[in-house]
Structures are given as C-alpha cells and as structure tokens.
Amino acid sequence: MPRFFVAASSVRDGRAVVSGDDAAHLARSLRATPGERIVVVDDAGSEHGVLIDRVSAGAVEGSVQWSRPATGEPRLEVHVVQALAKDGMDELVEALAEVGAAAIWPVTTRRTVVRLDARRAEHRVARWNAIARNAAGLAGRGHPPVVHAVRDIEDIAAALPPGVRVLACTTDATTPLSSVEMRDDTRAALCVGPEGGFDPSDLEALDSAGAEHVHLGPRVLRARLAGVVALTTLLTVAHELDAPVANAYVPLQVAKP
C-alpha cells in the first residue's frame, strides 16, 4: 500500500481524511475496504498509521493508530537540474522522485531539442508534479519533490536556493562524482545536460554559480539516465542508501495523535 500525502488539517482529533484523486484511487483502483491500514503523511512533517473505517470515491477516512516524524527522506538535500530530454521525461521525473530528489528543475539549454511554449510548459510541469507525487508515495518518501517551472539554464543560478553546492556533470571533467564528499548540512544541485551534453555557454552560466565539474565514469549515458545515475551515486557516497526501508505499519517513537 503506498503512502498518501495530505494537508496537516486533514489529520486532527484522532482522525485522518484522504480526499480528491487519492481517495478515488484508493476506493476504485486499490479497492480499499474498512479494516485495512494505510499510511498518510502530512505537510507538517509527520506520518500516521490509519485504520480505515469509511470508504467512498470522494473521501477515505479512518482513525489514527500512531504518529511519528515522517521517514523515507534523505538528510542530504539534492536538487536535480535536468535539461529537457527529447523522450522519456515522464519516466525520468518518476525515477528521480523514487530515488530521493528534493526538487527537480527542468531547464532548456543550447542543445536542448525539446522547446515548449508557455502553455505546454505549464501543462507538462503540472503533469510532472503529479507523477512525482505518485512516485514518492509508492517509494515510501516523507514528502514529494517539487518539479519547478521550466527555465533557461542562464536563469538557474538565481533560482537555486542560496548556499547550494553546484555539481555540473560533464564528460571531460577530471573529478569523479563518486569521490565528492558531502556533509549532512550541504545542499547540492546536480546539473545534467541534454543529449550531446552542455554547450560552453551553458557551462559559463553554471560556472557563474560556482559549479564544480564532475563526471559519471568512463561510459556516456543517455540524458534520461544520467540524472538518475548521478543522484544515486551522490546519495550513495553520502551514505543515504545505507538504511533499509522503514516498516510502514510498525510505529517507532510513537506520539499520541
């Protein structure tokens, strides 16, 4: 059973309510019934074990059996700056959400093939956020990553959070990403180019943000795979993949709801 993300106001007085598309998914696709247990994660940073007692397509409700701080999130906050891929972008967003990206920043670069007008870009970003939300729930994360609006690579330096460590993935870098050391309190931005890699003008924009150039090994990866490999590598060297999956139905450090 996947997790379901709700507003903090949806959990109160020992009760939790899942509504909207998630309720319809539970009622129709998953065929949830009273007596089953689910986990809901609120946007205040807590997760709750819920015993379902009411099911409809409009709302699924239940009693809160336990609560604890949300699990499933890396300590290392990684933002993935991803050039728009000409195919497989939906699958790429899904994979980044599952692995543990804190945020996804789709960008256009000099060599980007895909060009979106404002209307198409807005539609795609809404779709990608829905994909990321569903993927994060299935992966047992503590919150879904935000997929930001599509930007030009020149604008990314000003858009990223302050103090972020920018790592630009290039094929001619001398430093392997696998050798980079990260502290728990560091924010990182992994920058991945399109098919054909970053243009020199793209790298100038990233260098203005203090980018360090790193490589992903001796083989050239497709753009739709490179971001996932880079994210997995960075989380591995930061020991973020050492712990097993938390048991979704056994409360740890239980707090009264």
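1. The expected span of a helix is 1.5 Å times one less than its number of residues. The model discussed here is predicted. At 1.5 Å a residue, the 22 residues of helix H3 should span 32 Å, and this agrees with the 31 Å between its end C-alpha atoms.

2. The buried residues of H3 are Ala 121, Val 125, Trp 128, Ile 131, Ala 132, Ala 135, Ala 136 and Gly 137. They pack against strand S1 (3-6), H2, strand S8 (103-108) and strand S9 (146-147). After H3 comes Gly 140, with a positive phi near 80°.

3. The largest nonpolar core comprises 38 residues. Those with the most contacts inside this core are Val 78, Leu 96, Trp 128, Leu 177, Leu 190, Leu 231 and Leu 234. Two or more of its residues come from each of strand S7 (77-83), helix H2 (89-99), helix H3 (118-139), strand S11 (165-169), strand S12 (187-192) and helix H6 (223-237). A further core of 17 residues lies apart from it, and includes Ala 83, Trp 105, Val 107 and Ala 168. In soluble globular proteins, nonpolar side chains tend to be buried together.

4. Which residues does Leu 96 contact, leaving aside its neighbours within four places in sequence? They are Val 80, Ala 101, Ile 104, Arg 141, Gly 227, Val 228 and Leu 231. Leu 231, like Leu 96, is listed among the residues with the most contacts inside the largest nonpolar core.

5. Not counting residues up to four places away in sequence, Thr 108 touches Leu 84, Val 114, Arg 115, Val 150, Arg 151, Asp 152 and Ile 153.

6. The model holds one cavity of 30 Å³ or more. The space in the largest cavity is about 30 Å³. Its lining consists of Ala 16, Val 17, Val 18, Ile 38, Val 40, Val 50, Ile 52, Val 60, Glu 61 and Gly 62. By class, eight lining residues are nonpolar, one is polar and one is charged. Strand S3 (15-19), strand S4 (37-42), strand S5 (46-55) and strand S6 (59-69) each contribute at least two residues to this lining.

Terms used
Residues numbered from 1 in each chain as written. Predicted model: local features only at pLDDT ≥ 70, side-chain atom pairs only at ≥ 80, totals over all residues. Heavy atoms only, no water. 1 Å grid on protein atoms, 1.4 Å probe; cavity = no way out; pocket = protein on both sides within 12 Å on 5 of 7 lines; lining within 4 Å. Points joined across faces, edges and corners; volume = space filled by probe spheres on them. Helix = DSSP H or I, 4+ residues; strand = E, 2+ residues; numbered from the N terminus. Nonpolar A, V, L, I, M, F, W, Y, C, P; charged D, E, K, R; others polar. Core = buried A, V, L, I, M, F, W, Y, C linked by side-chain atoms within 4.5 Å. Buried < 20%, exposed > 50% of the residue type's maximum accessible area, 1.4 Å probe, protein only. Contact = heavy atoms within 4.5 Å.
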